[in-house]
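This report covers a structure with its contacts, helices and sheets. Please look through the sequence and the model before reading on.

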Amino acid sequence: MSDAALTPQGYLQGLSRWRAIEIAFWLATLLPFFLLPDYLSLASQIAITALFALSLDIILGYGGIVSLGHAAFFGIGAYSAAIFSKFVMGEPLIGLVVAAAAAAAAGYATSFITARFRHFTLIMITLGLGLLAQEVANRAHWLTGGSDGFQGIDIWPVAGLFRFDLYGYTAYGYSLIVLFVLFLAARRLVNSPFGLSLRGIRENWVRMPAIGADRRAHIQKAYTIACTIAGIAGALLAQTTQTAALESISFQRSADVLVMLVLGGAGRLYGGLVGAIIFMVARDQFSGIEPQYWYFWIGVLLVMVVMLLPNGVLGGLAKLTARWRKS
Amino acid sequence: MTAGALPAQDAIAHRAIALAAKGLQKSFGSLRVARDIEISLPIGARYALIGPNGAGKTTLINLMTGMLAPDGGQIFLGEQDITRLRPGERVQRGLARTFQINTLFPGLNPLEAVTLAVNERRGISGEFWRNVAVHKESIDEAYDILSKLKLGGDCYRQTRELPYGRQRLLEIALALATKPKVLLLDEPAAGVPQEESGEIFEVVAGLSDDLTLLFIEHDMHVVFRFASHIIVLVGGAVFTAGSPAEISADPRVREVYLGKRKHG
């Protein structure tokens, strides 16, 4: 870091350089194929949830814009993919694109409302929008199957080659690749001029117009992008599990993803991924021990992390390594 | 824009107006904070805005920059009526401000913050598919502004860790990154020890001659030293205006402004 010849441009370039720990992380995501073949379905669900948490991180972690109804877009993606596969075709990648477009359209439409508000008002508005979406899905029983769940999804093999198997090899491989590609896109975004403007909005809402920024346009854009990615995550879940349920659009899912982001650490891209891993593994383990009351332990975990590590697990680790480097 | 001092001096001679307020009115409930304010700043002018606490100085800046909507009156930037424009649009047309209380980006470092402001001005802040480091011109311009304000050595430190005086300079750097034609400085040296405030005003005095300046300041030594013209605001109205010599010789100003200060 103490490079005397460092130019300002070189410095900014350096901030987005790939670190060894990142490469190690992504290599480790391949381990379940070899070490835990019995847990591939879980791994696939984790990858999907991680993608969902990543989408929330773009608006919450980078833009400082809170949402308590993010599952609405996850659900829109899930149902769009399900409906598309049943009535049009089962091609998974085209299904993803259709779901992304549907979630993007819904996200863009609601961004005109959400970009006007902040803080408590925004929490209530996004909560309301989430509940609204949930009830629409419930009411449209003829289309979504309501509380009975969506029936009749048939997904073709990925790229015409990889059939969705019982063990989840294809499911995990497919989810992981989509997660990785969108992670690369998100990583690009947060290191872009737009990413810098988003951080500006998070750091000082008042100053942004005073430097000539159009806050609202930035927020609408970030929100639409985040909703699109959430929709893709939802579509992945519908395609890999060959079902779509009300649970995918529920308030519970909106709350869970927020918990994951807080656990992992918001505003650092990997926070959502690590949070999703912790949350999903904890759920898997705790629900094995106590099927009825596993949320108790999630509650304990959440309170502990928020009290002891205000910036999440990754924030705590970053602090530790910084201290270790100094000494 | 014309460059160099001579055209700017010409402009002053011809009274070309950079910023003007016409009949500005604003009330908060029954409290009238702006009463029929008429001011006009010639291009390249260095104006000081003075007045006792609560005279409505910051309110006037808020009105002119669009952070408050006036109840009546008009604001002109050059020939253009900007009364209905949003704050961001006014900045894009060349009207920038700084804040009395630091309004910075605590979690960004000065290089990032000023690059952000330059990007916004250059219209590339919406680009989300390319790395921020691709735009060398933005970064170089940001670093250039920071160096001129002697912040080059601090540009990689997080803003929240900077000494207070440096943060005051960063306030000005952010405003300069918008390439303003008119800059309104709300107590640029507020909270800075007197011996350091000179340093900040040296920076202000060293700004381009094309730039039209209006600054709020309480220290009369600083005002008389750096202003070419002084506007005295009392109770939301322009009390008087004139050259430093005229204002310092005006017994009413002494009474209203300096007299009040004794109590404050």
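## Basis

This is a predicted model, in which local features need pLDDT of at least 70, side-chain atom pairs count only at pLDDT 80 or more, and totals for chains, interfaces and linings use all residues. Residues are numbered from 1 along each chain as its sequence is written, while chains are lettered from A and ligands numbered from 1 in the order in which they are written.

Helices (H or I, at least four residues) and strands (E, at least two) are DSSP runs, numbered from the N terminus.

## Contact between chains A and B

Chain A contributes 28 residues and chain B 38 residues to the contact; two residues are in contact if their C-beta atoms, placed from the backbone, lie within 7 Å. On the side of chain A that touches chain B, at least two residues come from each of α1 (8-15), α9 (169-190), α10 (193-203) and α11 (207-210) of chain A. The most is given by α10(A), with 8 residues.

By class, this side of chain A has 12 nonpolar, 10 polar and 6 charged residues. Ala, Val, Leu, Ile, Met, Phe, Trp, Tyr, Cys and Pro count as nonpolar, Asp, Glu, Lys and Arg as charged, and the others, Gly among them, as polar.

## Helices α9 and α12 of chain A

Two packed helices are described by the angle between their axes and the distance between the axes. For α9(A) and α12(A) (residues 215-241), the axes come within 10 Å and cross at roughly 175°. Axes are lines fitted to C-alpha atoms, for helices over the stretch in contact, and angles run from 0 to 180 degrees between N-to-C directions. The two helices are therefore roughly antiparallel, a term for angles over 145 degrees. Ala171(A), Tyr174(A), Ser175(A), Val178(A) and Leu182(A) of α9(A) meet Ile229(A), Ile232(A), Leu236(A) and Thr240(A) of α12(A). This contact has 7 nonpolar, 2 polar and no charged residues.

A residue is buried if 20 or more other C-beta atoms, placed from the backbone, lie within 10 Å of its own. Just after α12(A), Gln242(A) has a positive phi of about 55°.

## Six-stranded sheet of chain B

An open, mixed sheet of 6 strands in chain B has the order β6-β7-β8-β3-β9-β10; two strands pair if DSSP finds at least two bridges between them. Its edge strands, β6 and β10 (237-242) of chain B, each pair on one side only. The twist averages 20° from one strand to the next.

In β7(B) (residues 182-186), 5 of the 5 residues are buried, so this strand is largely enclosed by the rest of the structure. Val182(B), Leu184(B) and Asp186(B) point one way, and Leu183(B) and Leu185(B) the other. β7(B) runs parallel to β6(B) over 3 bridges, with Arg97(B) opposite Leu184(B). It is also parallel to β8(B), over 5 bridges, and there Leu183(B) stands opposite Leu213(B).

## Four-stranded sheet of chain B

A second open sheet in chain B has 4 strands, ordered β2-β1-β4-β5 with antiparallel pairing. β1(B) and β2(B) are joined by 8 bridges, and Ala20(B) has Ser40(B) as its bridge partner.

Terms used
Parallel < 35°, antiparallel > 145°, perpendicular 65-115°, else oblique. Buried ≥ 20, exposed ≤ 12 C-beta atoms within 10 Å, placed from the backbone.
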